[in-house]
Amino acid sequence: MPLSDTASTPIASPAPAPTRTGPVIALLVVAAFVVILNETTMSVALTDIVADLGITVATGQWLTTGFLLTMAVVIPLTGYLLERFTLRAVFFTAMSLFAAGTLIAALAPGFEVLLAGRIVQASGTAIMMPLLFTTVLNIVPPSHRGRMMGTITVVIAVAPAIGPTVSGLILSTLTWHAIFWVMLPISLLAIALGAVWVKNVTQTRPDARFDILSVPLAALGFGGLIYGFSAIGESASGHSSVPVGIPLAVGAVALVLFVLRQLHLQKTDSALLDLRTFQTRAFSLAVVLVVVVFAALFGSIVLLPIYLQQVLGLDVLGIGLMLLPGGILMGVMAPFVGNAFDRFGPTPLVIPGMIIAAGALWGMTMFDANTGVPFVIAVHLALNLGLGLTFTPLLTSALGSLPRRYYPYGSATVGTLQQVAGAAGTALFVTIMTVTTASRLAEGSDEILAKADGVHAAFLVGAIVATAAVVLALFVRKPAPVDEAETPALAH
C-alpha cells in the first residue's frame with residue numbers, strides 16, 4: 001500500500017471500545033507486573049546459582065543479560081504483531097511463552113536449560129510492555145495519560161525494584177528453583193482471567209507486511225554488541241575464548257545495516273521498526289534520556305545486591321528487605337507523579353528527578369567494606385525517589401508526542417532501546433567490576449577490598465553518565481497536542 005494512502009490513516013486506531021475497558025487495562029498491568037518482576041529476581045539468586053551449578057559469575061550474569069538481550073531482539077517485532085493480530089491473540093501468545101519459559105526454568109537441571117527457560121520467558125515479556133503501552137495510548141485520552149502512565153510506572157520501575165526482595169524471601173527458605181515455581185501459577189491465572197476480561201479494543205491491519213531480513217539483522221546487531229560487552233568481563237576472568245573485538249564489530253555493522261534497511265523500507269510503509277518516530281523532537285529527546293538512565297541505573301541496580309552479598313556479607317533475606325523500601329516508595333509516588341504530569345508537564349519532575357538520581361549514584365561511589373546498612377538504605381531510597389520522578393514523565397512525553405499512526409512503532413522503539421540500554425549497562429558494570437577486582441587482586445589486595453574497589457569503579461561510571469543526563473533533562477518539555485491531520489508531515 002502506498003505510503004500516501006496510509007500516512008493519514010491511523011494503523012492502530014481504536015476499534016469501537018467495549019463498554020468497560022478498565023478490566024482490560026487492569027489485567028494487562030498485572031500481567032506486565034508479573035513478567036517484569038521476573039527480570040531482576042536473578043540478581044540476588046545469582047550467587048546461589050553460581051555455587052549450585054559450578055559456573056563463574058561472568059557466565060551466570062548471562063541469566064540477566066541474555067534475558068534483556070532476548071527482549072531487545074523480540075520487541076522490534078511487536079510493532080508488526082500489534083498491527084497484524086488482535087489484542088487477545090497477542091496477549092495469549094505473550095503469557096503462554098512466559099509460562100512455558102517459567103516451567104522450563106523451574107525444571108532446569110543445569111545452566112544451559114535454565115538459560116533457555118529465561119530466553120523463552122523473555123520472549124513473552126518482550127511482547128507485554130509494548131502491548132500495554134499501545135493499548136493505553138489508544139483508549140486513554142491525552143488529558144489522563146499521565147495518571148495511567150503513573151500506574152504503568154509501577155510495572156516498569158517497582159517490579160524490577162522488588163524483584164530482589166521477592167527472590168530474597170524465597171531463597172531464605174527454598175532453592176533458586178522455587179523462584180520459578182512461585183511465578184508459574186500466577187502466570188497461569190493471568191491466562192485464565194485473560195480468557196474472560198481481555199477484549200479486542202484496537203483495530204488490526206491484515207495487510208501489514210513482515211520483513212524477514214530485518215530480524216537476523218536486529219539479532220546480530222543487538223546480540224553482537226551485548227555479547228561483546230559480556231566477553232570483556234569473561235576475558236578479564238580468563239574464561240573468554242572469543243576475541244572481544246569480533247562480536248563488537250559484527251554487532252556494530254549489523255546494527256548499521258538494520259537501521260539503513262528500516263530507513264529504506266519505511267518509504268514503502270513496510271519497515272519492521274519504523275524510525276520516523278525520531279522526526280518528533282520530543283520523542284527523540286525523551287528516548288535518549290531513557291537510554292542513558294537505563295544504562296546507568298539498571299547496571300547499578302544489578303551491582304547493589306552483589307556488593308551487599310560479596311562485600312558486606314549480608315544474606316539474601318536481609319538484602320531483599322533492604323531493597324524493599326525503595327520499591328514501595330516508587331509505588332506510592334507513581335499516582336502522584338502521574339497527576340502532576342497531567343497538570344504541570346514533565347519539566348518540574350524530570351529535572352529534580354535526574355539531579356536526585358545522579359546524587360544517589362555519587363553516594364554509591366562512597367560504598368566500601370565498612371559502609372553502614374542505614375547509609376545504603378538511604379542512598380537506595382534517594383535513587384528510587386529520583387527514578388520515580390523521572391520514568392513516568394519521560395515515557396509519557398516520548399509516546400504522547402507521536403501521532404496515533406506511530407503508536408505501535410513508538411512503543412516498540414522505546415521498549416527495544418530500553419532493554420538494549422539495560423543489557424549494555426548490566427554487562428558494562430559487571431565488566432568494570434570484574435576488571436577492577438582482578439587488577440586489585442593481582443596487586444596483592446585483600447579479596448573483599450578488591451571487590452569493593454570493583455563496585456566503586458562501576459558506580460563511578462554510573463554517576464558520571466547520570467550527571468551528563470541532567471543536562472539533557474533541562475530540555476524536556478510537555479509534548480504539544482498532536483494534530484492527526486498533520487501526520488503526513490512525518491512521512492518523509
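User: Quick start. What is the relative accessible area of Arg440?

Analyst: This is a predicted model. Arg440 has a relative accessible area of 27%. That lies between the 20% and 50% cut-offs, so Arg440 counts as partly exposed.

User: Which residue does Arg440 meet in a salt bridge?

Analyst: Asp453. The N to O distance is 3.3 Å. The pair links distant parts of the chain, 13 residues apart. Asp453 sits in helix α18, residues 447-473. Arg440 sits in helix α17, residues 407-442.

User: And what is the relative accessible area of Asp453?

Analyst: It is 30% for Asp453, so this residue is partly exposed.

User: Arg276: buried or exposed?

Analyst: Buried. Arg276 has a relative accessible area of 0%. Asp274 is buried too, at 1%.

User: Where is Asp269?

Analyst: In the loop between α12 and α13. Its relative accessibility is 3%, so Asp269 counts as buried.

User: What is the phi of Asp269?

Analyst: Near 60°. That is a positive value in a residue other than glycine. For background, most residues other than glycine have a negative phi.

User: How many salt bridges does the structure hold?

Analyst: There are 5. One of them joins Arg261 to Asp211, with the closest N and O atoms 2.8 Å apart. This pair also links distant parts of the chain: the two residues are 50 apart. Arg261 is in helix α12, while Asp211 is in the loop between α10 (177-197) and α11 (214-236).

User: Which class does Asp211 fall in, buried or exposed?

Analyst: Buried, because its relative accessibility is 11%, under the 20% cut-off. Arg261 counts as partly exposed at 24%.

User: Staying on α12. Which residues make the nonpolar surface patch of about 490 Å²?

Analyst: Val253, Val256, Leu257, Val259, Leu260 and Leu263. Leu263 lies in α12, which covers residues 245-265.

User: New topic. What is the overall fold content in helices and strands?

Analyst: The protein chain has 18 helices and 0 strands.

User: How many of the 492 residues count as buried, in percent?

Analyst: 58%. The accessible surface of the chain comes to about 17600 Å². Carbon and sulfur atoms hold 71% of that surface.

User: What share of the contacts with a separation of 6 or more comes from residues 24 or more positions apart?

Analyst: 85% in this chain.

User: Which residues touch the most other members in the largest nonpolar core?

Analyst: Phe91, Met128 and Leu304, out of 143 residues in that core. Helix α13, residues 281-310, gives the largest share, 16 residues.

User: What does Phe91 touch, leaving out residues up to four places away in sequence?

Analyst: Leu27, Leu28, Ala31, Met128, Leu131, Ala190, Gly194 and Val198.

User: Which residues are buried in α10?

Analyst: The buried ones are His177, Ala178, Ile179, Phe180, Met183, Leu184, Ser187, Ala190 and Gly194. Ala190 and Gly194 are among the residues Phe91 touches.

User: How does the span of α10 compare with 1.5 Å a residue?

Analyst: It agrees. The 21 residues of α10 should span 30 Å, and the end C-alpha atoms are 31 Å apart.

User: Last one. Where is Ser123?

Analyst: In helix α8, residues 111-139. Ser123 counts as buried, because its relative accessibility is 17%. Leaving out residues up to four places away in sequence, Ser123 touches Thr70, Val74 and Leu97.

Notes
Residues numbered from 1 in each chain as written. Predicted model: local features only at pLDDT ≥ 70, side-chain atom pairs only at ≥ 80, totals over all residues. Heavy atoms only, no water. Patch = residues over 30% accessible without salt bridge, like charges linked within 9 Å, V, L, I, M, F, W, Y side chains within 5 Å. Areas by Shrake-Rupley, 256 points an atom, 1.4 Å probe, with all protein chains shown as cover. Salt bridge = Lys/Arg side-chain N within 4 Å of Asp/Glu carboxyl O. Helix = DSSP H or I, 4+ residues; strand = E, 2+ residues; numbered from the N terminus. Buried < 20%, exposed > 50% of the residue type's maximum accessible area, 1.4 Å probe, protein only. Expected span 1.5 Å × (residues − 1). Contact = heavy atoms within 4.5 Å. Core = buried A, V, L, I, M, F, W, Y, C linked by side-chain atoms within 4.5 Å.
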